[in-house]
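Here are some worked exercises to go through with the sequence and the 3D view side by side. Try each task yourself before you read its solution.

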Amino acid sequence: TDPFCDIHRRGYERQQQNEDPVAKLPEDLQARARLLFTVVMDYAIQLLMWQHCDVLPPGLQPEYMDNFYATMLFNDEVHTYEQVINTLQRAVDCSQKEAVDFATTVDREGRSCVKVDTFAECEKARNVIERHTGRHGSKPLKVVVMHQIVVSHHIFAQRVFPWIQNVISHSAGLRQMFCKLSMEGDKEMSMVEKLMLADTQLWKGARVLSHKLCMAGVLMDPELKKQFAILFTRHYGELMKAFVKDDHYRSVSATSCSVQIFTVPTLARTLIMEHNLLQVILKTFLDICEPKKNKAGKFAFERNDRSQSFKRAQYMLYDIKYILTCKPSPEEWNPDLKTNFLHGFDALLELLGCMQGMDSVIRQTGQHIEFEPEWEGAFNLQLKLAEVIGAIIDWCSSNREVLLECVNRTVDMLFSL
């Protein structure tokens, strides 16, 4: 039930025999560091998740607010460079070079201030950008008018992450202390959970910095990595549903952390055995694909469907492939692993039942077919699922009892179709 192989188990035991790196720090330094990490991270998380554009949280609001605002343009992966550049030239009356610089910053950082003026002028620029990029039924670019003080706090809060990352890189004790603090959560969620669940609310630059801090901190410690994996599994459904609705690439999403967790064979097996990970992933995929079903409960894909949600949902099939990469030996099967593997197998059969007949070709005798039926969605789904089915068969082959039970359940499913 632990995430270590024999080699890393020996290294972990040697590490445990050594003195706690936090204990090597002076007591007054420990107290100051705990207070500093807690206050600074609370500030950064609160400001980055702050949804108001012209006021600050209690305690930070100044007595006087002037009339200087900023039109903030946010990145998405829908509009092209040319669309953004042409729109900015119309909206903020800038040269092509300035528009190219704005577009480059938006693509690199996730957002850019394209105009600083009074609220009325910034609002006018926002309306122009949304009107020009929202034509022909497409989703307009996200543009927000913010007070300059709010923008300043955003920038400062964003710089907290690399600062902390630099501090903990110089001391194993400070790194261990920060990691434990970030994973602690009593009645409220821990800092890591808050950042994880608020990922789609952040712009690209803030996301990347928060992910780097997590990589340099929590994921560097084997025990905390296991705790993070359990949290990730617990919130997997929420994270993937938010990712499907998001408009950023997978590489700048919190869900990309799955490759850091699920590719560790012993850790992945622990999550399947103790937290039913296989069923969690497949049930989440089925929930997201529910709108794709017809009245008969089969998947039906439309030719003119421009939604990227189904394509983004298919990343979950890669996660299944990761967790099934290494099959257990006959000795490693236990009652918990068998039970939860069969729960996941039932969810897979439910998915295959929805796929049965999903792209059927019906002979037409009354008239000529003017348009070829949509086949790409079903073809890609079957292609990606082929490796998962192969891995499932591989797992079944290592335990006779599981194999026979899976065969019986498959036969029952076939007779029920």
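**Exercise 1.** Decide whether S210 is buried or exposed, and find which residues S210 touches.

*Solution.* Step one: S210 has a relative accessible area of 7%. Buried means under 20% relative accessible area, exposed over 50%, and partly exposed in between, with a 1.4 Å probe and protein chains only. S210 is therefore buried.
Helices (DSSP runs of H or I, at least four residues) and strands (E, at least two) are numbered from the N terminus.
Step three: leaving out residues up to four places away in sequence, S210 touches F161 and L195; contact means heavy atoms within 4.5 Å.

Before going on, a word on what you are viewing: this is a predicted model, where local features need pLDDT of at least 70 and side-chain atom pairs count only at pLDDT 80 or more, while totals for chains, interfaces and linings use all residues. Residues are numbered from 1 along each chain as its sequence is written, and side-chain values use heavy atoms, with hydrogens and water left out.

**Exercise 2.** Describe the surroundings of H211: which residues does H211 touch, and with which side chain does the side chain of H211 make a polar contact?

*Solution.* Step one: H211 is also a residue of helix α9, which covers residues 204-216.
Step two: its relative accessibility is 13%, so H211 counts as buried.
Step three: not counting residues up to four places away in sequence, H211 touches D199, V252, S253 and A254.
Step four: the side chains of H211 and D199 make a polar contact at 2.9 Å. A polar contact is a pair of N or O atoms within 3.5 Å; within protein, one must be able to donate a hydrogen and the other to accept it, and residues adjacent in sequence count only if both atoms are side-chain atoms.

**Exercise 3.** Work out why helix α7 counts as largely enclosed by the rest of the structure, then examine the start of α7.

*Solution.* Step one: α7 runs over residues 172-183, and its 12 residues reach 17 Å from first C-alpha to last, close to the 16 Å expected at 1.5 Å a residue. The expected span is 1.5 Å times one less than the number of residues.
Step two: 10 of the 12 residues of α7 are buried, so the helix is largely enclosed by the rest of the structure. Among them are R175, F178 and C179.
Step three: the partners of these buried residues are α2 (27-48), α6 (148-168), α8 (191-197), α9 and α10 (222-234).
Step four: turn to S171, which sits in the loop between α6 and α7. With a relative accessible area of 17%, S171 is buried. A side-chain oxygen of S171 comes within 3.3 Å of the backbone nitrogen of G173, and a polar atom of the S171 side chain lies 3.1 Å from the backbone nitrogen of L174.
Step five: S171 and V22 are 149 residues apart in sequence, yet their C-alpha atoms are 9.2 Å apart.

**Exercise 4.** Classify the ring pair of Y315 and Y318.

*Solution.* Step one: the whole structure holds 13 aromatic pairs. Rings of Phe, Tyr and Trp (its six-membered ring) pair if their centres lie within 6.5 Å; planes under 30 degrees apart count as stacked, over 60 as edge-to-face and the rest as tilted.
Step two: the rings of Y315 and Y318 have centres 6.1 Å apart and planes at 50°, so this pair is tilted.
Step three: both residues lie in helix α16 (residues 315-323), 3 residues apart, about one turn of the helix.
Step four: Y315 is partly exposed at 30% relative accessibility, and Y318 is partly exposed at 32%.
Elsewhere, F228, F232, Y236 and F262 form one aromatic cluster.

**Exercise 5.** Check the span of helix α17 and look at both of its ends.

*Solution.* Step one: α17 covers residues 335-355, and its 21 residues should span 30 Å at 1.5 Å a residue; the end C-alpha atoms are 30 Å apart, which agrees.
Step two: at the start, a side-chain oxygen of N334 reaches to within 3.1 Å of the backbone nitrogen of D336.
Step three: just after α17, G357 takes a positive phi of about 80°.

**Exercise 6.** Find which helix has the lowest mean pLDDT among the elements of the protein chain.

*Solution.* Step one: pLDDT is the predictor's confidence in each residue, from 0 to 100. The protein chain averages 88, and 92% of the residues score at least 70.
Step two: helix α1 (residues 6-17) has the lowest mean, 70, and helix α14 (residues 277-288) the highest, 95. Where pLDDT is low, the predicted coordinates should not be read in detail.
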